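Subject: Structure for you to look at

Hello,

Here is the structure I promised to pass on. Please open it first, then read my notes below.

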Amino acid sequence: MTTIKDIAKHVGVSPATVSRVLNNDQSITVKEETRSKIFTVAKEMGYRTVFERRALEQGMLDNNPSSEIVLLLLAISMEDEIKNPLYLSIRKGIEQEFTSSGKKKMYMHRYAAEVDVPMPVKGVIVLGSMGEMEAAELKRRYEHIVFVYGCPDEAVFDCVEIDHEQVINLAVDSFISAGLTRIAYIGSRGFHQRDRYFREKMQKKGLMNSDVYSSDNSVEAGYERMKGILQSSYRPEAVFADGELLAHGVSQAMEEFEAGEIPLLSFSDQDLAAYSAKPVPSIRLPAVELGEWAARLLTERLEGKVGSPVKIILPVHLDKDCT
């Protein structure tokens, strides 16, 4: 089996240089002639990078020159990906769009400080949020990047998002229209800042008797938060659970403590009927469409469409049964 040392010896450079060139390290200064020779020799000697070996296992490397490989970079933990169906739905949309076009093949990788993905990748979709420094490093390596559901800087990157402020407006307005003004918000802090939008919305309405409860986005956390609320002296007239997993836990606590009279509204891309004996109305986000639009936007960039960074914002909507 051909090694990096074999290629280095043949080209007349150090193994470190070969490794950095094959892994698309743009910070290395090397003559274009040498760079080209390294790739040529590596191909002639049958060398495959870690990426190519993984891509081969996933059936992405073939003889179709029109197929471009794009990278789906998961900027979320494995635990979050498994627990939260939202991310699976977004992935589904990305995969559907690339499959229907037939011109792109997708390689998936979880984000790490040193992402081992070399030359064949033409563009990147990042699912989830990351810091500005990490995003800047990624931009140094790849020209075409689209962030979906977690944009670090919309002035620099193409982004596909939902209207997070609209989520709060719909939730609060639906409760107020029903005469409910003492509202509890239960949600996790994150890039979306929906907890901040909730505070601002309530202040504008002059409703200061509502509380924000920060929580992890899990069934267990939702249950414990709602249990604590029901055991306290504070009794909300309505509850907005900012996440389907949280809503599941909140609903369980309400059933256990016989507090089913308190209206519950969730934020979700799934039908929560399977989780609770009592249907939970929700504000729905178009998760699959988020993925589809991210794939379309990256495709446009790869096809040569240039211009300022684009931000696509998809609307959310109330279930028709929410009143």
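Start with Ile 162. Leaving aside residues up to four places away in sequence, Ile 162 touches Tyr 149, Val 167, Arg 194, Phe 267, Leu 285, Pro 286, Leu 290, Ile 313, Leu 314 and Val 316. Touching, or contact, means heavy atoms within 4.5 Å. Ile 162 sits in strand β5, residues 158-162. Its relative accessible area is 3%, so Ile 162 is buried. The cut-offs are these: buried is under 20% relative accessible area, exposed is over 50%, and partly exposed is in between, with a 1.4 Å probe and protein chains only.

Some ground rules. The model is predicted, so local features need pLDDT of at least 70 and side-chain atom pairs count only at pLDDT 80 or more, while totals for chains, interfaces and linings use all residues. Residues are numbered from 1 along each chain as its sequence is written, and side-chain values use heavy atoms, with hydrogens and water left out.

Now the whole protein. It has 12 helices and 12 strands. These are DSSP runs numbered from the N terminus: helices are H or I with at least four residues, strands are E with at least two. The protein has 323 residues, and 49% of them count as buried. Take the contacts between residues at least 6 apart in sequence: 69% of these join residues at least 24 apart.

Ser 174 lies in helix α8, residues 164-177. It is buried, at 10% relative accessible area. Ser 174 and Leu 318 are 144 residues apart in sequence and 8.9 Å apart in space, C-alpha to C-alpha.

Next, a helix pair. The axes of α2 (residues 15-22) and α3 (residues 32-44) come within 10 Å and cross at roughly 85°. The two are therefore roughly perpendicular, a term that covers 65 to 115 degrees. From α2, Thr 17, Val 18, Val 21 and Leu 22 meet Arg 35, Ile 38, Phe 39 and Ala 42 of α3. These contact residues divide into 6 nonpolar, 1 polar and 1 charged.

Helix α7, residues 132-141, has two sides. Its buried residues are Ala 135, Leu 138 and Arg 141. They cover an arc of only 115° around the axis, which puts them on the same side of α7. In general, an α-helix has 3.6 residues a turn, so residues three or four places apart point the same way. On the other side of α7, Glu 132 and Met 133 are exposed. The cover over the buried residues of α7 includes β1 (68-75), β3 (121-128) and β4 (145-148).

Gln 193 is not a glycine, but has a positive phi of about 60°. It is in the loop between β6 (183-187) and α9 (194-204). Gln 193 is partly exposed, at 35% relative accessibility. Glu 258 also has a positive phi, near 55°, in a residue other than glycine. Glu 258 is found in the loop between α11 (244-256) and β9 (264-268). Glu 258 is exposed, with a relative accessible area of 69%.

Best wishes

Methods
Axes fitted to C-alpha atoms, helices over the stretch in contact; angles between N-to-C directions. Parallel < 35°, antiparallel > 145°, perpendicular 65-115°, else oblique. Nonpolar A, V, L, I, M, F, W, Y, C, P; charged D, E, K, R; others polar. Arc of directions from axis to C-beta.
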